[in-house]
Amino acid sequence: MAGLAATFGSGAMTNSIDEIEFTDLILATGTNTTENHPVIGMKVKRAVKKGTKLIVIDPREIDLVKYADIWLRQNPGTDVAVINGLLNVIIAEGLYAKEYVKDRTEGFDALKKVVEKYTPAYVEKISGVPAEDLKKAARMYAKAVRASILYAMGITQHISGTDNVKSMANLSMLCGNVGIEGGGVNPLRGQNNVQGACDMGGLPNVYPAYQQVANEDVRKKFEAAWNAQLSPKPGLTIMEMMDAAGRGTIKAIYIMGENPMLSDPDLQHVKKELQKLDLMIVQDLFMTETAQLADVVLPVASFAEKDGTFSNTERRVQRIRKAVNAPGEAKADWEVICGISNKMGYAMNYASAKEIFEEVVKVTPSYAGISYERLEKGGIQWPCPTPEHQGTKFLHKDKFSRGLGLFSAIEYIAPNEMPDKQYPFLLSTGRVLYHYHTGTMTTRSEGLSERCPESLVEINPADAEKMKISEGQRVKVTSRRGTVEAKASITKKSAPGSIFMNFHFADTSVNLLTNPALDPIGKIPEYKVCAVKVEAA
Amino acid sequence: MGNEIKITLDGQEISVDSGKTILECACDNGIFIPTLCHYAKTTNVGACRVCVVEVENARSLVASCCMPVSPNMVVRTNTPAVRAAQKMIIELLWASGDHNCLTCEQNGQCELQNLIYWLKLDQPRFEIKTPGYEMEENNTMISRDLNKCILCGRCVRACNEIQVNEVLDFANRSSDAKVGPAFDEDYIHSSCVFCGECAQVCPTGAITLKQAKFAGRPWELHKVKTTCTYCGVGCQMDLFTKDNKIVKVMGNREYGQPNEGSLCVKGRFGMDFVAHPDRLKKPLIRYKKDDDFKEATWDEAFKFIADKLSKIKKENGADSIAGLASARCTNEENYLFQKFMRAAIGTNNVDHCARL
Ligand code: SF4
Ligand code: SF4
Ligand code: SF4
Ligand code: FES
C-alpha cells in the first residue's frame, strides 16, 4: 500500500467497516465486495437500502452494480484516467472543499495542472466511460457530505497500481473526505492477516510498525531489543527474490504458509527459479504446489489449533483461540521458528503466543497499548499507544500522519500488455465467493466445492456467439506465456472483449498466463490485465 | 432517540426512553416477555403475537415488540389473559407442524420447545396436523424441514434485511403459506449464496446446518470464540467442537464489530479443511534433490535446516537467504519470522504475498 503511505503517511484503511453503513455515499472501485469481502458487501447493500448513494467503477458487471446509482464501466487498466476525469470535473465546476484543501493539503496546483487535460471527452476516449456519466458521478461524489471510497486488488494489481491508489487519495482529499467519520480511503485486504503481516514488519524495508530498516536510530533500537547486529540494507521483494533465485544469488528460501507456486504470475518461470535453490523450506497445512518443490516440509497448526492475534483490514487486532488439537506432530508456526532459531544459536524461548505479543507491543508503537487481557473484551483498532487508549476508529482526524496531505499529480499510462490481433482478449483474474486465495483450504471443503467445483472462463454472450462457444464447453486460453483449459461460463458480467478467471484451482493455474510486469513502486504484478486468445478446446 | 418518560411496568414505575418499544423497555428492566418473530435489527412485523401484553385502556392485548411506549402507559406482562393468549398461540403452532424433538437437531436450543416448557404445556389442545412437506436434503450445507416451520419470517428478514441477499420470501397465502426462494426452488438451485444467516436466526429446527447433524447435542459442544481465517474482514465467530472436532461455526451478535454476528459461506461452511485427511502430520525431508521425501523427527528437521542455513550463510553471506512471511499466520508468528530473518540470519530479505 505504498501509494497511501506516500500520501497520508499510513497505508491502512483510514476508516472503519461499520462506518460504511452510515455514510452518505460509497464509491466502490476495483472491489467485487459481495464476493471477496461478503460481510462488507452486506453493509454496503444495507447502506444503499437506507438511502446511501453508490457509485461503482468496474469493468465487470459485479453484483453491486445492481445496487448502484451510477455504474462507470471503464476499460480495464484505465482507472487513473477515470479518476483524473472526476477530479477534472470537480475542479472545473468548483465543487471541491476549498477550505480543507487550503488548510490541510499540499500539491493542489500541480494536481490541477495535470488533470486539466482529462476532460470528460478525453477520458471517454481512453476509458470508454460516457462523458455525461462521468460528470454525473463527479457531481454526486463532490456533493455528498461524507463519502467513503472502497477499493481492492482491482486497483492495485496493475502496472500503475501505486498511482491508482494515489488517485483515490487525491479524490478523497479534494472533497474533504479524509479524517471524518464515514469518509476515507479504504483498501479492503484480501487475506485475513495481510494487515498484520505488514504491521509486524513482514516487508523488506521496514521493522514492525513501518519503522525503516535504513534509519540508523531505528536500527539501533532494534539491535538493542533483539541483541543482534542488523543489516541497514533494505531486502528484496518477493518478485525480486524469485529473480535472484533464478540468477543464483539467492540460495535458500524459507516459506511460511504461502503458496507462490499458484499465486505468482508467470508460473513456469517461478518453478524454474525455485528449482535452482540449494535449500527450500516450506511450512504449511497441506502439501501445496510450492511444498512439492521443497527440500524440507514442516507440518503446522491451523488457526483453530493455536492462539494468537490477526489484524483485520480496518486495523482491528483480534484474538484467535485454540479450539482443537493439531493433527499428528504438527506445531504452531511460531514454535517451528523458535526450533530452527535455537538450533542456529539465536535463542528464542517463548512459552506462549501471549509472551511473544508482550514483546511485540514493546517495539511496535501503534500496538503499545494492546494486551491479551484487553483483547478478551473485543478487538482494538491501532493506533493504540497506551493501555488507557480506546483505539482509533478513523485516521487523520485533525492532521495527517505526515502533516499535510499530499496531492500527487498522476498521468495515465496504458497497461503493459494490451490485446492485439494475435491475442485479442483482455484477461483479468480474481477471486470468487466460494474460494480463497490459492484454494489450499477451500478446495478441501465439501460445501464450498459443491457450490463451485472448478475454475470457469467468464465470457460475454456476444463474444461467445461469435466464436460459437456454448455454456459449459471447454475452452483453451493462451497468452504469450502459457495455456490453460477450463469450462466457459457465458455471462454479461464480462465486458465484450474481456474474460475473467479465478486463480483458486491448481489444475487450472491461471497464473501460467499472467504478466509479471510490476508496478515500479508497489511491486505488485499486473494480474488485472493481460492479452490472451480464446478458442474451443 | 426520544426523551425520558415514565411508564408503569408490572406495577413498577420506571423511566424509559420514549423512542423504545414496550418489549425493549421490559428487556432493559430485566422482565422477560417471550418472542418468536421478533429479531433485533430487522423490521418488527408483529406476526406471531406471542409477545402480547396488557396495556391499560387498550381495547385488546397488544404485541409488545411493535408498540412504542407512551407517557404514563400502564403495562402488565403476566396476567391470566396474557398467559392464556400465549398458550393458545403456542399450542396452535405446536399442532400445525411435525415437532418431533426426538430427532431434531435444535432439541435443547429450540425457541418453540423452550416456550412450551416455559408455559408448562403438556399437550396441544388441537389435533396435530403436519403439512407433509418433503425434506430438503439436496445440498451439503443447509437442510430444510418446513414441517417444523412456524412461519415467523425471521429467515426471510435475515436474508433480505441483514444480508441483503434477497433470496427468501413468503409464497402462497394463509394455510399454504411457505417460506423459501422464488418459484419454490431448492436452495441449491436458487441464487442462495449459503451465508447461513437464515439457519442462524431460525428459532426451530426448520433450517439447520447439515454437517452438524448427529455430530453432537448442543449441551455436549464446547464453544470457542475466534476470528475467521479467510478474508480481511476478520469476522468474530464461535467454533463449536466435540471430541477434538469442529462441529459447526456460528456468528454471535454479542461480539459486535466488525460483523455483528453475520458470516459468509467461507466462514460458516469452509472450516472442514481443518480436519481434512490430507493435513501434513510429520516433518518431511528430501536429503538429496530428486530423492523422495522421508519422514523425520522435529529434531532431525531442525538440525538439517540449521546446518544448511548456517553453511549457506557462511559461504554466500546472509543476503543469499530469503524468507516469505505469511498473510495467513498470526501477528506473533509474523513478528517472530521477521525477527528470525533479521536477527538470526542477518538479512532484510523478508516479504509476503500481500501484493498478490
Ligand atoms: S443461506 Fe443466506 S442467502 Fe441463502 S437463503 Fe439463507 S440467508 Fe438467504
Ligand atoms: S424457516 Fe425458521 S425462520 Fe423461517 S419462517 Fe420458518 S421457522 Fe421462521
Ligand atoms: S466469514 Fe466471510 S466475510 Fe467474514 S472474515 Fe470470514 S471470509 Fe471474510
Ligand atoms: S415477537 Fe412480537 S409479534 Fe412476534
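**Entry 1. The site of ligand 3**

I looked up the residue classes around ligand 3 in this predicted model: the shell divides into eight nonpolar, two polar and one charged residues. I counted Ala, Val, Leu, Ile, Met, Phe, Trp, Tyr, Cys and Pro as nonpolar, Asp, Glu, Lys and Arg as charged, and the others, Gly among them, as polar. A residue belongs to the surroundings of a ligand if one of its heavy atoms lies within 4 Å of it.

From chain A I noted Pro38(A) and Val39(A) around ligand 3. From chain B I noted Cys228(B), Tyr230(B), Cys231(B), Val233(B), Gly234(B), Cys235(B), Cys264(B), Lys266(B) and Gly267(B). The site is shared between chains because residues from chains A and B surround ligand 3. Helix H3 (38-49) of chain A and helix H6 (265-269) of chain B each supply at least two residues of this shell. I took helices (H or I, at least four residues) and strands (E, at least two) as DSSP runs, numbered from the N terminus.

Residues are numbered from 1 along each chain as its sequence is written, and chains are lettered from A and ligands numbered from 1 in the order in which they are written. Local features need pLDDT of at least 70, side-chain atom pairs count only at pLDDT 80 or more, totals for chains, interfaces and linings use all residues, and side-chain values use heavy atoms, with hydrogens and water left out.

**Entry 2. The site of ligand 1**

I then turned to ligand 1, which has 13 residues around it. Cys159(B), Cys192(B), Cys195(B), Gly196(B) and Cys198(B) come nearest. By class I recorded ten nonpolar, two polar and one charged residues in this shell.

**Entry 3. The interface of chains A and B**

I found 155 residues of chain A in contact (heavy atoms within 4.5 Å) with 113 residues of chain B. The two chains bury about 11,600 Å² between them, 61% of it on carbon and sulfur atoms. Buried area here is the accessible area (1.4 Å probe) that two parts lose on being put together, summed over both. Phe303(A), Met344(A) and Arg451(A) supply 6% of the area that chain A buries against chain B, more than any other three residues.

Which polar links cross this interface? I recorded 72 residue pairs in polar contact, both at pLDDT 80 or more. Such a contact is a pair of N or O atoms within 3.5 Å; within protein, one must be able to donate a hydrogen and the other to accept it, and residues adjacent in sequence count only if both atoms are side-chain atoms. Helix H16 (residues 333-343) of chain A gives the most to the side of chain A that touches chain B, with ten residues. That side divides into 83 nonpolar, 37 polar and 35 charged residues.

I also recorded twelve salt bridges across the interface, each a side-chain nitrogen of Lys or Arg within 4 Å of a carboxyl oxygen of Asp or Glu. One of the salt bridges joins Asp299(B) to Lys343(A) (2.8 Å, N to O).

Strand E9 (residues 252-256) of chain A and strand E15 (residues 321-324) of chain B run parallel and are joined by four bridges; strands pair if DSSP finds at least two bridges between them. Ile253(A) stands opposite Ala322(B).

**Entry 4. Strands of chain B**

I found strand E3 (residues 52-55) and strand E4 (residues 62-63) of chain B antiparallel, with two bridges. Val52(B) has Ala63(B) as its bridge partner. The two strands form a hairpin with six residues between them, and Asn57(B) in the turn has a positive phi of about 75°.
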